[in-house]
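These are my notebook entries on a single structure. I record what I looked up, one topic at a time.

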Amino acid sequence: MSGYADVALRLTKVRETLPQGVRLVAVSKFHPVEALEAAYSAGQRAFGESHEQELSRKQAVLPGDIEWHFIGHLQTNKVKYIAPYISMIDAVDSFKLLKEINKQAARHGRVIKVLLELHIAEEATKYGFTPDGLRRMLDEGGWRQLENVEICGLMAMATNTDDENRIRQDFNLAASLFDEVKAKYFADAGGFCERSWGMSGDYKIAVGCRSTMVRIGTAVFGEREY
Ligand SMILES: *Cc1c(COP(=O)(O)O)cnc(C)c1O
């Protein structure tokens, strides 16, 4: 008997609320393989994990057509373990990490898709580029030489608050930075098109602020057991 029947139900509910063109990354961190299998059976293919060992353990036993996203803070010394199979690294927060992803992707003859993480929220995370830090990194131009990474857009988290106006303000800032960076550095890059914001508590606001990719855990899998 499966204890995960409700996963499929919740997944359908979340999907029904997403406008066309917004992709769902099911954030499965801390949930057992059986929960992911239930979501997979319900048609979900993109999964997000935030710990390298947990991800590698799940990737080894789950179907090969899953699109794995690394959504958390990734240490440079862990890149090599996920480089053979990772689809997208959603939270690149330094040029050093970008270079290491490029190096490990090249070793495997791959191009790894990445998003650049913005730090715009009050205290939600200590990681990510500030708006000026992002501009500086892009101005320096070293990223243009990295042929084994494809920068596909920006990722952001809103301030952890009940104040919807503050959340909307954070996401709107991310959206305007996307437009700025797209026009200045990626005008010719068709692949630079993703705006990844929105989690269980704020994804409805995020899709109103032009999100193209929501990362949802709790609303699909229930509360995490740490
Ligand atoms: C855990 C996590 C999520 C999902 O959070 P929920 O509130 O469970 O939907 C999304 N993005 C990142 C970066 C996370 O670490």
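I began with a term: a residue is near a molecule or strand if one of its heavy atoms lies within 4 Å of it. The model is predicted, so I note that local features need pLDDT of at least 70 and side-chain atom pairs count only at pLDDT 80 or more, whereas totals for chains, interfaces and linings use all residues. Residues are numbered from 1 along each chain as its sequence is written, and side-chain values use heavy atoms, with hydrogens and water left out.

Entry 1, the ligand. I looked up its surroundings and found, among them, Val 27, Lys 29, Met 155, Arg 215, Thr 218 and Arg 224. I then looked up distances from side chains to oxygen atoms of the ligand. An N or O atom in the side chain of Lys 29 is 2.6 Å from a ligand oxygen. A polar side-chain atom of Thr 218 also lies 2.6 Å from an oxygen atom of the ligand, and for Arg 224 the value is 2.7 Å.

I located Val 149 in strand 6, which covers residues 149-156; a strand is a DSSP run (E, at least two residues), numbered from the N terminus. Is Val 149 buried or exposed? Val 149 counts as buried because its relative accessibility is 9%, and buried means under 20% relative accessible area (1.4 Å probe, protein chains only). Leaving aside residues up to four places away in sequence, I found that Val 149 touches Leu 98, Ile 101, Asn 102, Val 111, Ile 112 and Val 114, where contact means heavy atoms within 4.5 Å. Between Val 149 and Gly 133 I noted 16 residues in sequence and 20 Å in space, C-alpha to C-alpha.

Notes. Helices (H or I, at least four residues) and strands (E, at least two) are DSSP runs, numbered from the N terminus. Buried means under 20% relative accessible area, exposed over 50%, partly exposed in between (1.4 Å probe, protein chains only). A polar contact is a pair of N or O atoms within 3.5 Å; within protein, one must be able to donate a hydrogen and the other to accept it, and residues adjacent in sequence count only if both atoms are side-chain atoms.
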